[in-house]
Amino acid sequence: MADQSKPLIKTKYNYQTKGINKVTSIILIVGAVIAITAPFLHIFFVKDSIDKFFGFRNIRVFLYIIGQPIVIFVLSLFLSFISNFIENKDLKKIIRFSSYMFTAVAFYFLIWIFWNKQDLHAYIYYTAVIILSIIGSYIVSKGLKKISDHLLRINRIEKQIPELDNNIKQVNEIAKIMPSDNVDIITYKAMIDVTGDQLNGSLSNIKKELGNE
């Protein structure tokens, strides 16, 4: 008779994987909302205010200026994150490089907005901004790749667990049906029992690491 527990196990781990995907989707949606609304936030503030904000004439001007860099930054994060899941190597390289450059451009303008050059020589100031932009883009790219690799690793492990669980059950079932009155078979039965227990312990540890127990 077919093992009825296997579909239930698959359902459980599919649910766990969907949970990870749901969190990722929520983060992407929040990012999209930020990117969409950022260029329009300035319309909620008066034009004639003379209260300076981060060196700009007023907060309306500040929000107008920063809106587009935020859009570029969020979209570059999307591209960088998605590129880690693309299997086509050539396309992956192109999108990853593009996202890296977009992130650097976004960082350039964000740094320019928040860091006034003051008494620095223009050459030193812009060189420093470019260097910081490249470093920031590199850190973001590596961070997103690490997160993506972690998500992929979890998904791979969770996809393998149901099959492993089923194999362990088969080993245990073999041990149960083996006769105990044959001296030669008793040794093999004991070995299978020990192996099954060890595999169960390993599987339990994996599930705990993944937060499934």
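1. Beyond its neighbours within four places in sequence, S133 is in contact (heavy atoms within 4.5 Å) with A104, F107, Y108 and I111. This is a predicted model, in which local features need pLDDT of at least 70 and side-chain atom pairs count only at pLDDT 80 or more, whereas totals for chains, interfaces and linings use all residues. Residues are numbered from 1 along each chain as its sequence is written, and side-chain values use heavy atoms, with hydrogens and water left out.

2. S133 sits in helix α4, helices being DSSP runs of H or I with at least four residues, numbered from the N terminus. Its relative accessible area is 3%, so S133 is buried, a term that means under 20% relative accessible area, with exposed meaning over 50% and partly exposed in between (1.4 Å probe, protein chains only). The side chain of S133 also reaches the backbone oxygen of V129, at 2.7 Å.

3. L144 likewise belongs to helix α4, which covers residues 122-177, and L144 counts as buried because its relative accessibility is 15%. With neighbours within four places in sequence set aside, the contacts of L144 are L77, S80, F81 and N84; the C-alpha atoms of L144 and F78, which are 66 residues apart along the chain, are separated by 9.7 Å.

4. F54 is found in the loop between α1 (5-37) and α2 (59-83), and its phi is near 50 degrees, a positive value in a residue other than glycine. F54 counts as partly exposed, because its relative accessibility is 49%.

Technical notes: Helices (H or I, at least four residues) and strands (E, at least two) are DSSP runs, numbered from the N terminus. A polar contact is a pair of N or O atoms within 3.5 Å; within protein, one must be able to donate a hydrogen and the other to accept it, and residues adjacent in sequence count only if both atoms are side-chain atoms.
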